[in-house]
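Reader: Please present the model, so that its architecture and confidence may be discussed in turn.

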Amino acid sequence: MTLSIRTLAFATALTAVGMAHAHNAWLLPSTTVLSKPDTISVDAAVSNDLFVANHAAMRLDNLLITAPDGSTVKPESEAKLKHRSVFDVDVSTVGTYRIAVVNAGGFASWKDKATGQQKRARGTPESLAKEIPADAQEVTVTQSVGRIETFVTVGKPSAPKPIGQGLEMVSTGGAFTDLAKGEKATFALHIDGQPAKDLEVTVTAGNTQYRDQLAETKIKTDDKGQFSVTWPTAGMYWIDASTKDNKTTMPQAKERRLSYAATVEVMP
Amino acid sequence: MQVRYSLAIPALAALFGVPAVAAGLGASIEVPRLNVSEYHRPYVAAWIERADNSVAATAAVWYDVRTRTNNPEGEGTKWLKDLRQWWRRTGRELQVPIDGVTSATKPAGTHAVSLPDAAAAKLAPGAYKFVVEAAREVGGREVVSVPFQWPPTKAEQQRASGSTELGEIRLELKP
């Protein structure tokens with residue numbers, strides 16, 4: 001939990017607002033189930049309260065919308081407001097759309113040789129290579145791969161094709177947009193296409209501002225990377241997981257931090 | 001020793017002009033130690049409420065007193081409204097910081113809260129509640145109240161305990 005939100009805050013929070021604290025990064029679609037083609041709106045923000053935009057707008061540089069047929073859809077009316085970003089998605093074909101903000105990069109910390117000052121930077125392998133001086137001491141570079149996503153379906157749901165990279169939630173047969181109160185849903189978490197075993201998943205209902213306790217549910221994935229949730233109430237839910245390993249693809253990095261967050265809607 | 005003390009107290013009282021018989025009100029608030037992955041010290045407000053829920057006095061407000069200049073998260077006052085009951089009852093009408101009332105957030109442990117004698121002296125006889133509210137970033141919120149009668153007829157201690165965000169709340173009454 002700490003890890004994921006930290007990472008996401010690193011990757012997505014406005015630098016002006018700061019990144020000292022951990023926050024949840026989330027997408028909030030206006031609708032997740034449509035009977036016919038339409039346009040939906042999505043809010044994207046980073047905040048503690050789900051889903052209250054009271055901290056920082058999410059950067060949409062890495063927004064990727066995938067149609068049911070695998071083609072890429074361009075967002076419309078994109079705007080970054082003070083506390084949230086917004087965009088429209090024209091959902092025109094039958095099936096399930098994947099709306100994702102994928103952050104890949106790294107962060108580095110080192111001690112400046114001359115001043116002994118602790119320095120930090122984040123960015124791509126290339127930009128980090130440029131920023132870290134050659135004589136820097138105690139250099140640690142950590143790769144971060146984060147995915148924040150949600151799903152929207154027109155008509156009958158389809159199964160979005162797994163990405164096969166980083167940490168992601170994949171269907172075990174059921175749809176991401178066919179969830180109902182009192183029903184059990186089973187999903188799997190994969191890392192680089194392989195089941196993520198024994199990984200803690202946090203499921204939190206939205207509207208946290210209207211209750212005294214956060215009431216998050218923590219579940220561990222099984223040997224197949226699967227976890228099940230029986231939805232206690234209808235509403236928007238935030239599913240979050242994070243882990244780290246050493247399978248870095250960045251030359252300087254020794255550690256890779258993986259995070260995943262999805263927003264799903266549960267119907268009454 | 002015994003003799004010295006009994007002499008010293010009235011002497012001190014005389015020196016500061018505090019009548020030795022003044023009715024007093026003291027309290028302590030326990031901030032529980034929580035085993036959570038991400039911990040932030042809670043915002044806490046403590047106040048005295050009349051039977052009609054109006055506020056007689058705010059005893060303490062602990063919040064992130066840093067300002068935008070030295071706090072990457074911005075003004076800590078932004079989240080005062082998350083002490084929701086206190087905010088409705090009186091918080092929104094107050095201007096923080098308040099000398100002797102507001103202070104920085106406190107770590108886990110038991111912290112004393114003193115009510116100035118002047119505030120206690122202003123309480124009209126009647127039924128009151130000492131209310132403590134805590135709200136924690138990425139955590140929960142809890143309100144605990146301790147009822148009491150003013151003025152007290154004998155020295156007594158009232159207690160109540162929170163279950164999530166607050167530990168034991170103790171109220172000391174001195175006639």
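Reader: In what order do the elements of chain B run from the N terminus on?

Author: This is a predicted model, in which local features need pLDDT of at least 70 and side-chain atom pairs count only at pLDDT 80 or more, while totals for chains, interfaces and linings use all residues. Residues are numbered from 1 along each chain as its sequence is written, and chains are lettered from A and ligands numbered from 1 in the order in which they are written. Helices (H or I, at least four residues) and strands (E, at least two) are DSSP runs, numbered from the N terminus. Chain B has 3 helices and 9 strands, in the order α-β-β-β-α-β-β-α-β-β-β-β.

Reader: What is the mean pLDDT of chain B?

Author: pLDDT is the predictor's confidence in each residue, from 0 to 100. In chain B, 82% of the residues reach 70 or more, and the mean is 84. Over residues 1-21 of chain B, however, the pLDDT is below 50.

Reader: Is Met58(A) buried or exposed?

Author: Met58(A) lies in the loop between β4 (56-57) and β5 (63-66) of chain A. A residue is buried if 20 or more other C-beta atoms, placed from the backbone, lie within 10 Å of its own, exposed if 12 or fewer, and partly exposed in between. Because Met58(A) has 27 C-beta neighbours inside 10 Å, the residue counts as buried.

Note on methods. Two residues are in contact if their C-beta atoms, placed from the backbone, lie within 7 Å.
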